[in-house]
Amino acid sequence: MNGEKGILFTQGNEACVRGALYAGLRFFAGYPITPSTEVAELLSEELPHVGGRFIQMEDEISSLCAVCAASVAGDKAMTATSGPGFSLMQEALGYAIMGEIPCVVTSVQRGGPSTGLPTKVAQGDVNQARWGVHGDHAIIVLTASSVQDVFAMTVEGFNMAETYRTPVILLFDEVVGHMRERLDMPEPGELPVVERLRTSVKAGVNYYPYLPREDGRLPMSDFGGVHRYNVTGLYHDIWGFPTEQPEAVNKLLYHLVDKIEAKAAEIARWKEYFLDDAQQVFVSYGSAARSALHLVHTLRGKGIRAGLLELQTLWPFPAELVRDRTEGARNVYVVEMNMGHIMAQVRQAAWKPDRVFLVNRVDGQLITPTDIGKVMRVIEGRGF
């Protein structure tokens, strides 16, 4: 796989692997779980070819802990899982947020809760990705609806992890992970890759691991290298030592949240189709967006002004983008395979929340254009 170029016919999970390697991944720790296992399997083969390391851990808790350790030691690192495993990772995810440890967690969603439907599609982890970690915090969550975009969003995920010194969640779903389609492999250097920002402070000089520069970025020093410093899940000062001083605690918490939430517009990634004149606007993401787009084309062919806003950033939620793109809509239909995780956010953002409707399916089957059309006919009170 390493170094392959040109046009490929490949699976979504494999595109994630290719994107991670393109972005400079050098360490993976994980535990097999459907429907993400192909990510681990392929990286076990490919990482040794680029001087990287793969390790299968005893569970998902230890997997993300190992990823955190590898990252602070200087490697770009990631893990992959699905809903139940993602639940087990939440404590380590909180540690990565507090310790400002750049890393990537890929979660390929399946039906839940609990064991649920291990081989079926769902999008029920959207709120877990945002709120699974206890305490006030911010998180970056990216998604994709195609194999090509899985590759691109994986590279983006690593870039954002390094830029904001934070864990990033790649929240795909079973259909996207397992479908096969065309992937145009970019040449090295064609897509920007953000490298680790390392401190210029020399050995023997005080290094403050949690002192942001004027641009907000925090230079890192490889743990175990020339600087000694503390990494803790406790509230800490600029040296990394625990503190209970109210002023320091308050400042750190606002820093952890603001460095992401204040950059929501910069972090936002999306695609839009026919929104210039759309009266019927669909908002969707992941594999559900493919069905929504199919229906948009059908409706357009019948003279109905429909459009689609496909979200690729779910968190921080791009409220301004949604508000702007749905302003002229008569109706807004949020298409997702859960009980309305993103619909709730769209209603908060929309100018006319009473005209925002959920179109969903939660039985393990991919929502279809026909499913969406049936709801539209009820809302519109006429056929298409």
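I began with the salt bridge, which I took as a side-chain nitrogen of Lys or Arg within 4 Å of a carboxyl oxygen of Asp or Glu. I kept in mind that this is a predicted model, in which local features need pLDDT of at least 70 and side-chain atom pairs count only at pLDDT 80 or more, while totals for chains, interfaces and linings use all residues. Residues are numbered from 1 along each chain as its sequence is written, and side-chain values use heavy atoms, with hydrogens and water left out.

**Entry 1: salt bridges**

I counted 17 salt bridges under this rule. Side chains of opposite charge can pair when their charged atoms come close.

I looked up R18 and found a salt bridge to E14, with the closest N and O atoms 2.8 Å apart. Both residues belong to helix 1 (residues 12–23), and because they are 4 residues apart there, about one helical turn separates R18 from E14.

I turned next to R196, which forms a salt bridge with E162 at 2.6 Å between the closest N and O atoms. This pair links distant parts of the chain, 34 residues apart, since R196 sits in the loop between strand 8 (180–185) and helix 9 (246–261), and E162 in helix 7 (residues 147–164). I recorded R196 as buried, and E162 likewise.

My next pair was D324 and R325, a salt bridge whose closest N and O atoms are 2.5 Å apart. I list D324 as partly exposed because its relative accessibility is 44%, and R325 as partly exposed because its relative accessible area is 24%. Through salt bridges that share partners, E272, D324 and R325 are joined into one network.

I then checked C68, which is in no disulfide, the nearest cysteine sulfur being that of C103 at 4.9 Å. I class C68 as buried because its relative accessibility is 3%. Seen from C103, the closest cysteine sulfur is in C68, and the 4.9 Å between them is too far for a bond.

How values were computed:
Helix = DSSP H or I, 4+ residues; strand = E, 2+ residues; numbered from the N terminus. Buried < 20%, exposed > 50% of the residue type's maximum accessible area, 1.4 Å probe, protein only. Disulfide = S-S within 2.5 Å.
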